[in-house]
Amino acid sequence: MEAEELKVKSYITKYNNEKKALISILQEVQEEYNYLPQEVLKIVSKALGIPLIDIIGVATFYRAFSLEPRGKHLITVCLGTACHVRGGPKILEEFERKLNIDAGETSKDGQFSLETVACLGCCAIGPVVVIDGDYHAQITIRKVGSILKKHFKKE
Amino acid sequence: MITLKINGLEVKTEEGQTILDVAKFYGLEIPTLCYNEGLSRYGGCRLCLVEIGEEPKTKLVSSCTYPAEEGLVVRTDTKRVIEARKMMIELMLSVAPGSKIIQDLASKFGVKQVRFKIRNEECILCGLCVRMCAEQMDGRAIGFQNRGYKRKISTPFDTRSEECRLCGGCIYVCPACQLRCQGPDADTAVCNACLTMDPTCLDFHDELQCWMYDVGRCGTCIREKTEESNNKKRTQKSKQKEKNA
Ligand code: SF4
Ligand code: SF4
Ligand code: FES
Ligand code: FES
């Protein structure tokens with residue numbers, strides 16, 4: 001853990017131990033570990049002098065952070081109003097079936113996490129699905145399989 | 001010195017007082033729930049709403065957070081205030097009908113129905129426990145988590161917190177758990193029993209369920225149960241059974 005601790009500390013010193021940089025620091029941690037490990041949050045709490053409970057408050061407020069380990073790949077299905085009326089929920093169901101997990105869950109092999117979001121701000125091209133940061137426009141149920149294949153064939 | 005008007009009465013106060021402070025000082029009653037003298041103001045329950053300004057430009061503000069201003073016109077019991085207050089109570093009642101404090105508020109302000117889905121939660125998110133822990137107990141063990149409909153109070157990672165000193169302060173101030181009210185086996189979430197003159201508890205519960213652990217002290221159970229009330233109970237019970245069936 002000691003090496004880990006140094007790594008976390010380096011994020012914190014990068015922002016001059018400033019309390020107001022909490023979100024940026026959490027973002028770096030999330031980036032590194034794909035979630036916010038308990039131990040790391042405790043280190044951050046001590047180093048910044050912010051009570052742990054307040055950090056948890058921030059971490060649970062934003063959807064960008066997760067306290068549970070997330071899968072290697074993040075699939076986000078938009079269920080905002082526009083995407084909803086264009087069939088977002090059906091598309092979500094299709095992903096759930098194909099990946100064999102429910103929304104908000106991570107597959108057992110740690111490969112995929114499936115999440116929902118309420119509007120990504122690009123309603124015109126809805127229904128929208130984001131896979132590891134790549135936006136896919138006008139998704140239909142039929143396209144789900146091919147998208148998954150295309151996206152994960154690369155590896 | 002600031003001079004303002006509450007319910008037509010000219011009152012004087014100092015800079016930095018809230019409307020609620022002034023009203024209390026002059027003995028005008030404004031109901032509160034998330035307010036506690038020893039804690040910071042939160043303005044979350046909206047029970048202390050008052051109407052400020054002159055017609056037709058009036059607005060509702062929470063008196064526990066609104067500072068007294070020179071020349072302010074405040075009214076504490078207008079139709080608008082009463083209706084808003086009743087709505088808040090009805091909403092809180094639908095969330096935590098098990099709270100005696102909220103049931104009592106319902107009785108006091110004539111809330112006789114709950115038109116929302118009954119959720120039977122143990123928390124109305126008033127934030128008293130969080131402030132108690134941080135401000136009086138120097139604890140920092142509990143706080144708000146998540147947001148929207150998932151918002152809740154808990155410790156970090158939902159386990160026993162190292163910061164908690166087991167002082168019980170949070171439970172002491174909690175309106176939802178310091179006093180449990182079972183209510184009669186009513187068909188609705190409103191009990192409205194405590195503040196009426198009917199014998200209550202023992203009509204519906206046996207001795208062992210006295211929450212004062214001192215059967216007979218409040219006197220309700222000693223009152224002779226009339227044939228009538230027994231009958232009432234019986235019909236109510238059978239009605240309920242029919243409903244459940
Ligand atoms: S019992 Fe624990 S959580 Fe509750 S007020 Fe005391 S220190 Fe805070
Ligand atoms: S647990 Fe009790 S005191 Fe704390 S926010 Fe909920 S209702 Fe209020
Ligand atoms: S509703 Fe999906 S992007 Fe706006
Ligand atoms: S007492 Fe003022 S909002 Fe709760």
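## Terms first

Helices and strands here are DSSP runs, numbered from the N terminus. The model is predicted.

## The largest pocket

Start with volume. Two elements of chain A give two or more residues to the lining: α4 (52-61) and β2 (112-117).

Which element gives the largest share of this lining? The strand β2(A) does, with 5 residues. By class, the lining of the largest pocket has 13 nonpolar, 10 polar and 9 charged residues.

## The second largest pocket

The second largest pocket has a volume of about 900 Å³. A total of 42 residues line this pocket. Closest to its centre are C123(B), I124(B), L125(B), C126(B) and I153(B).

Four elements of chain B each give two or more residues to this lining: α2 (79-95), α4 (128-136), β7 (152-154) and α5 (169-173). The helix α2(B) gives the most, with 5 residues.

## Classes and domains

How do the residues lining the second largest pocket divide by class? There are 27 nonpolar, 8 polar and 7 charged residues.

In chain B, domain 1 (2-108) gives at least three residues to the lining of the second largest pocket. Domain 2 (127-196) of chain B also gives at least three.

How values were computed:
Residues are numbered from 1 along each chain as its sequence is written. Chains are lettered from A and ligands numbered from 1 in the order in which they are written. This is a predicted model: local features need pLDDT of at least 70, side-chain atom pairs count only at pLDDT 80 or more; totals for chains, interfaces and linings use all residues. Side-chain values use heavy atoms; hydrogens and water are left out. Ala, Val, Leu, Ile, Met, Phe, Trp, Tyr, Cys and Pro count as nonpolar, Asp, Glu, Lys and Arg as charged, and the others, Gly among them, as polar. On a 1 Å grid over the protein atoms alone, a cavity is a set of points where a 1.4 Å probe fits but cannot get out, and a pocket is an open set with protein on both sides within 12 Å along at least five of seven lines; lining residues have an atom within 4 Å of a point. Grid points are joined across faces, edges and corners, and a volume is the space filled by probe spheres set on the points. Domain bounds come from an automatic or database domain assignment.
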